[in-house]
Amino acid sequence: MTPSDRIATGLLTRPDGFAQLITPEGERRADPDLDRWVVDIDTEALRGLYRDMSVLRRIDSEGIALQRQGEVGLWPPLLGQEAAQVGSARALRSDDFVFGSYREHGVAWVRGIDPADVLRVWRGAASSGWNPYDYGMAVPQIIIGAQSLHATGWAMGAKWDGSDAAAVAYFGDGATSEGDVNEALVFAASFEAPVVFFCQNNGWAISEPVGLQSKQPLAQRADGFGVPGIRVDGNDVLAVLAATRVALDRARRGGGPTFIEAVTYRMGPHTTADDPKRYRTDDELADWRARDPISRVGALLAASGLDLETLEREVEVEAARAAGELRASIATMADPEPMTVFDHVYAEPHSHLDRQREQYARYLAQFDDGASGATEGGAR
Amino acid sequence: MTTLTLGGAINAGLRRSLANDDRVVLMGEDIGTLGGVFRITDGLKAEFGAHRVVDTPLSEAGIIGTAVGLAYRGYRPVVEIQFDGFIYPGFDQIVAQVAKLHRRSRGTVKMPITIRVPFGGGIGAAEHHSESPEAYFAHTAGLRVVSCSDAADAYVMIQQAIASDDPVLFFEPKRRYHVKGEVDDRASLADAKPMGIASVVTSGTDVTLVTYGALVQIARDAATAAAEEGVSIEVIDLRSLSPLDLGTVADSVRRTGRLVIAHEAGQQLGLGAEIAASITERCFEYLEAAPVRITGHDIPYPPAKLERYHLPDLDRMLDGVDRALGRPNSLSGVEA
């Protein structure tokens with residue numbers, strides 16, 4: 001049994017329910033199992049994580065603002081989940097592969113994806129924003145939990161190819177009820193696939209509390225599939241980083257899949273179309289605000305002698321620049337050309353669709369500007 | 001009579017079904033406390049309790065599969081699939097179980113399950129939120145498939161679907177949820193038009209334009225526009241997609257001699273193909289022109305900024321009418 005194996009199977013016994021390295025108050029808590037996985041995270045590295053999370057939060061709030069101003073159709077905020085996404089994604093290698101849901105803007109950011117490429121899909125200007133092979137990250141998945149099987153299949157292939165790269169499936173607490181996630185756990189265990197199931201338990205599946213999906217901690221469910229489960233404070237970027245490194249180490253050594261439950265909280269609505277006031281209390285939100293993932297890192301940095309005000313000023317400049325770039329990107333997002341509706345349906349010519357395309361081109365050509373016909377009575 | 005939105009009419013119909021039959025239970029994701037993402041079940045949990053209006057775990061196969069078990073015990077489950085494109089994890093339970101159990105049990109086990117599906121596009125939504133999957137279900141023996149187009153029909157048809165001893169796929173035109181209409185909320189279901197019968201919603205003499213769901217209003221608008229050019233369009237709201245009320249369509253086509261079918265779903269092997277073939281069989285000697293289909297393209301539903309180039313709209317319907325009439329149209333001079 002490797003050290004990572006022992007840890008993965010031992011963390012469930014933590015007395016307070018999950019592993020934690022930084023308390024909400026910003027105190028560094030020693031952990032005999034996890035400390036050794038983050039010895040390289042010095043003050044400078046911690047500053048980097050603080051910066052990542054702060055800039056990300058600003059980008060996310062810009063997404064909301066752009067939706068409110070009608071520039072984007074919908075935006076699913078990640079507010080509150082910055083540590084879960086940054087901590088896990090920072091553990092990855094560039095040749096690992098991420099299969100995310102629709103809320104992993106933070107993971108995308110860490111993978112080097114331009115936020116504008118995330119945004120253009122929510123604007124409805126494109127069906128996807130980036131080439132998955134350029135960033136080691138699949139296009140986002142809206143069908144709940146479907147990507148967990150894709151990650152498992154990718155991992156099976158990596159193992160068969162003799163690679164030590166790993167796949168990570170990101171999904172939420174609600175997704176654990178879907179058949180696909182359960183089937184993915186079966187396959188991953190059966191084939192000892194190098195995949196990390198990274199579950200962000202953010203407390204809510206739209207209006208449904210996690211208690212409706214499971215009567216026990218989600219990490220415990222993995223045990224029944226023969227997959228080790230780790231439960232970690234998802235608002236603690238250091239603990240998340242450590243736990244993900246443990247899981248990746250197991251995967252690379254041939255130890256198979258690991259399930260990580262990162263206990264976090266969706267502080268905003270499910271999407272900009274949702275109104276969480278209908279189903280949860282202000283007290284609950286306040287309780288989670290006190291466990292904010294970013295401020296605890298700030299407090300820890302300040303306690304270690306770093307001038308937090310200077311850091312905050314630097315980060316603010318960077319965050320403002322990133323938000324400004326995202327906003328400016330809208331101006332460059334031309335609406336797609338009408339005939340592109342037919343693009344990429346097939347990789348090879350398809351006689352029926354080719355004919356349909358020709359006929360529609362003739363139809364559009366009747367109108368002066370080639371497009372004005374498709375306005376009356378159609379979508380608004 | 002009272003004025004309700006289409007969504008409000010479904011809510012009122014659900015309320016009446018819950019009140020009239022204590023074996024009716026509603027199940028789905030976010031339908032209880034939240035009242036559904038479209039608020040179609042708003043207030044029903046508060047009124048009837050969490051055991052009648054049930055928030056379920058996130059599993060479409062789970063929702064439909066447990067509805068089968070409840071039906072075995074004599075319940076009448078009414079399940080909500082949150083969006084059209086989310087139905088596929090439940091597809092196996094619908095096609096392999098819900099559709100077949102009455103037959104498999106030699107008529108001893110009834111499956112009076114209503115599966116409510118907000119369907120279709122036109123709301124600028126994200127992927128999987130604008131689909132028209134009705135033909136998959138109309139193709140499946142054992143299922144009834146209906147779609148309402150206005151508040152009055154929505155109120156009556158949801159109750160008829162729930163009262164039916166057969167499983168019913170109930171497709172709700174989501175872009176029409178907020179459109180108001182007059183509803184006779186005291187009408188007796190016994191006197192109502194059966195849900196399997198189509199409606200002639202605009203009378204006409206030159207062309208029969210057949211559609212359902214959200215396109216019904218656009219077809220009516222097309223008829224109004226065509227009338228200004230002296231073309232008389234008869235608009236038929238199919239209401240039922242399985243069975244198809246081909247008798248009503250055939251009666252119309254025998255008078256007009258011309259048929260146009262419109263739907264948001266793709267053309268290939270869609271409802272339009274079935275209707276065109278069936279009406280050609282029944283009315284061959286009456287047809288003055290080949291039936292015309294105006295449909296969504298055979299593509300995955302496009303991003304929001306492109307959906308107006310996908311959905312049949314008024315101009316495309318009129319172009320199809322011109323084709324049926326042999327007037328100049330976008331395919332003039334093109335071999336069929």
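What follows is a chat about a predicted model with chains A and B.

Q: Hi! Before we start, what kind of model is this?
A: Hello! This is a predicted model.

Q: Good to know. How many helices and strands are in chain A?
A: Chain A has 15 helices and 7 strands.

Q: And what is the radius of gyration of chain A against the globule rule?
A: The value for chain A is 22 Å, close to the 21 Å that the rule gives for 380 residues, so chain A is as compact as a globular protein of that length. Its C-alpha trace spans about 75 × 50 × 40 Å along the principal axes.

Q: What share of chain A counts as buried?
A: Of its 380 residues, 50% count as buried.

Q: How about contacts in chain A between residues at least 24 apart?
A: Those make up 76% of the contacts in chain A between residues at least 6 apart in sequence.

Q: Let's zoom in. How many residues of helix α3 of chain A are buried?
A: For α3(A), residues 82-89, the count is 8 of 8, and the helix is mostly covered. The buried residues are E82(A), A83(A), A84(A), Q85(A), V86(A), G87(A), S88(A) and A89(A).

Q: OK, and what covers the buried residues of α3(A)?
A: The cover includes helices α2 (43-68), α4 (105-110), α11 (237-252) and α13 (293-303) of chain A, along with strands β3 (195-201) and β7 (258-263) of chain A.

Q: Since β7(A) came up, which strand pairs with β7(A) over 5 bridges?
A: That is β6(A), and the two pair in the parallel sense. Within that pair, D233(A) stands opposite V263(A) in β7(A). With α11(A), the two strands make a right-handed β-α-β unit.

Q: Is β6(A) enclosed or open?
A: Strand β6(A), residues 229-233, has 5 of 5 residues buried, so it is largely enclosed by the rest of the structure.

Q: Nice. Which residues of β6(A) sit on one side and which on the other?
A: G229(A), R231(A) and D233(A) are on one side, with I230(A) and V232(A) on the other, and all are buried. As background, side chains in a regular strand alternate between the two faces of the sheet.

Q: Is E192(A) buried or partly exposed?
A: Partly exposed, with 16 other C-beta atoms within 10 Å. A residue needs 20 or more such neighbours to count as buried.

Q: What about R39(B), what is its phi?
A: R39(B) has a positive phi of about 65° although it is not a glycine. R39(B) lies in the loop between β2 (24-28) and α2 (44-48) of chain B, and with 16 C-beta neighbours inside 10 Å it counts as partly exposed.

Q: Where is there a cis peptide bond?
A: Between S242(B) and P243(B), with omega at about 0°. P243(B) is in the loop between β12 (240-242) and α9 (246-256) of chain B.

Q: Let's stay with chain B. How many helices and strands are there?
A: Chain B has 11 helices and 14 strands. Its radius of gyration is 20 Å, which agrees with the value near 20 Å for a compact globule of 336 residues. Of those 336 residues, 59% count as buried.

Q: Which domains does the assignment give for chain B?
A: Domain 1 is 2-191 and domain 2 is 199-325. Their C-alpha centres are 26 Å apart.

Q: How many residues of those two domains of chain B are in contact?
A: 23 residues of domain 1 of chain B are in contact with 20 residues of domain 2 of chain B. On the domain 1 side, β6(B) gives the most, with 4 residues.

Q: And chain A, how is it divided?
A: Chain A has domain 1 (3-332) and domain 2 (338-380), with C-alpha centres 40 Å apart.

Q: Last topic: how many residues of chains A and B are in contact?
A: 45 residues of chain A are in contact with 43 residues of chain B. The largest share of the chain A side, 7 residues, comes from α15(A). By class, the chain A side divides into 21 nonpolar, 17 polar and 7 charged residues.

Methods:
Residues are numbered from 1 along each chain as its sequence is written. Chains are lettered from A and ligands numbered from 1 in the order in which they are written. This is a predicted model: local features need pLDDT of at least 70, side-chain atom pairs count only at pLDDT 80 or more; totals for chains, interfaces and linings use all residues. Two residues are in contact if their C-beta atoms, placed from the backbone, lie within 7 Å. Ala, Val, Leu, Ile, Met, Phe, Trp, Tyr, Cys and Pro count as nonpolar, Asp, Glu, Lys and Arg as charged, and the others, Gly among them, as polar. The radius of gyration is taken over C-alpha atoms; the globule rule is 2.2 Å times the number of residues to the power 0.38. A residue is buried if 20 or more other C-beta atoms lie within 10 Å of its own, exposed if 12 or fewer, and partly exposed in between; C-beta atoms are placed from the backbone. Two strands pair if DSSP finds at least two bridges between them. A crossover is right-handed if, with the strands pointing away from the viewer, the path from the first strand over the helix to the second runs clockwise. Domain bounds come from an automatic or database domain assignment.
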